[in-house]
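Me: Could you go through this chain with me, one topic at a time? I'd like the cut-offs spelled out as we go.

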Amino acid sequence: VYVSMELPDMAFKDLNYLIEKEPENKRWNAFIHYHRAELNFKTRNYQKAVNDYLETFKWKIDPSIYMVLGDAFFELSELDSAISYYKTGAKVQHENPKYFNRIGTAYSELKNHEKAIDYYSKAIELDSLNAVYYGNRAGSYSELKLLELALKDCEQVLSDTLKYKNYQIVQEVYEHLMSNKSEKVSNKTYE
């Protein structure tokens with residue numbers, strides 16, 4: 001209730017009280033720690049969020065915990081830890097394209113665009129209608145100066161059949177093309 005009312009201090013107070021009230025109730029503690037972790041994440045206290053997510057992890061195994069732990073480590077710029085949690089989640093929920101997209105994004109942040117492309121491609125295999133995945137892959141193609149492939153993915157982003165449009169990446173690829181006007185791309189010169 002307090003979270004939706006934007007009163008995080010009161011919410012933290014109540015959640016801390018609830019944790020202290022029944023310290024041996026495993027199910028209860030997992031639930032409360034998870035919600036306190038979510039509140040910490042929303043208030044950008046990422047290290048505290050990680051600590052609470054890890055505490056939740058001790059009490060129960062919910063596949064979604066891998067995603068949120070990865071996200072918290074990502075926000076802390078601890079990308080190797082983020083990738084590790086995302087990969088574990090991808091093993092558990094191997095049909096969830098979000099894990100593969102997030103792994104790709106972490107590799108992109110590490111400037112390992114070849115690996116990023118591999119993971120974005122896996123996300124696209126699992127959900128070929130998500131424009132975000134094409135846009136992310138276009139960004140990595142662009143960084144590697146594989147501009148024809150980047151343009152192909154941008155065309156997909158602009159397709160009417162896709163959901164979750166990401167026009168920003170199309171603009172970024174276009175700007176990259178314009179800054180490299182005379183660069184050859186597969187026997188074509190863009191001017």
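Me: Let's start with asparagine 101: buried or exposed?

Reply: Asparagine 101 counts as buried, because its relative accessibility is 11% and buried means under 20% relative accessible area, with exposed over 50% and partly exposed in between (1.4 Å probe, protein chains only). Please keep in mind that this is a predicted model, in which local features need pLDDT of at least 70 and side-chain atom pairs count only at pLDDT 80 or more, while totals for chains, interfaces and linings use all residues. Residues are numbered from 1 along each chain as its sequence is written, and side-chain values use heavy atoms, with hydrogens and water left out.

Me: Where does asparagine 101 sit, and what does it touch?

Reply: Asparagine 101 is placed in helix H6, where helices (H or I, at least four residues) and strands (E, at least two) are DSSP runs numbered from the N terminus. Not counting residues up to four places away in sequence, asparagine 101 touches Tyr119, Tyr120, Ala123, Val132, Tyr133 and Asn136, a contact being heavy atoms within 4.5 Å.

Me: What else is buried in H6, and which helices does that side pack against?

Reply: Besides Asn101, the buried residues of H6 are Pro97, Tyr99, Phe100, Ile103, Gly104, Ala106, Tyr107 and Ser108, and the buried residues of H6 pack against H4, H5, H7 and H8. With 13 residues, H6 reaches 19 Å from its first C-alpha to its last, close to the 18 Å expected at 1.5 Å a residue, where the expected span is 1.5 Å times one less than the number of residues.

Me: And the ends of H6, what happens there?

Reply: At the N-terminal end, asparagine 96 caps H6, with a side-chain oxygen 2.9 Å from the backbone nitrogen of lysine 98. After H6 comes lysine 111, whose phi is positive, near 65 degrees; lysine 111 lies in the loop between H6 and H7 and is exposed, with a relative accessible area of 62%.

Me: Which other residue has a positive phi without being a glycine?

Reply: Serine 77 has a positive phi of about 65 degrees although it is not a glycine. Serine 77 sits in the loop between H4 and H5 and is exposed, at 59% relative accessible area.

Me: Switching to rings: how many aromatic pairs are there?

Reply: A search of the whole structure finds five aromatic pairs, counted where ring centres of Phe, Tyr and Trp (its six-membered ring) lie within 6.5 Å, with planes under 30 degrees apart called stacked, over 60 edge-to-face and the rest tilted. One of them joins phenylalanine 41 and tyrosine 46 edge-to-face, at 5.1 Å centre to centre and 70 degrees between the planes. Phenylalanine 41 is partly exposed at 24% relative accessibility, whereas tyrosine 46 is buried at 13%. Another pair, phenylalanine 100 with tyrosine 119, is stacked, at 6.5 Å and 15 degrees between the planes.

Me: How far apart in sequence are phenylalanine 100 and tyrosine 119?

Reply: Phenylalanine 100 lies in helix H6 and tyrosine 119 in helix H7, so the pair ties together parts that are 19 residues apart in sequence. Phe100, Tyr107 and Tyr119 form one aromatic cluster, and phenylalanine 100 is buried, with a relative accessible area of 9%.

Me: Which lysine lies over the face of phenylalanine 100?

Reply: That is lysine 122, at 5.7 Å from the ring centre; a charge sits over a ring if NZ of Lys or CZ of Arg is within 6 Å of the ring centre and within 35 degrees of the ring normal.

Me: What about the core, which residues have the most contacts inside it?

Reply: The largest nonpolar core has 33 residues, and those with the most contacts inside it are Tyr53, Ile65, Leu69, Phe73, Tyr86 and Tyr99; such a core is a set of buried Ala, Val, Leu, Ile, Met, Phe, Trp, Tyr and Cys residues joined through side-chain atoms within 4.5 Å. At least two residues of this core come from each of H3, H4, H5, H6, H7, H8 and H9, and the largest share, seven residues, comes from H4. A second, separate core of six residues includes Leu15, Ile19, Ile32 and Leu39.

Me: Last one: how many helices and strands does the chain have?

Reply: The chain has ten helices and two strands, and of its 191 residues 41% count as buried.

Key: Polar contact = N/O pair within 3.5 Å; in protein donor to acceptor, adjacent residues only side chain to side chain.
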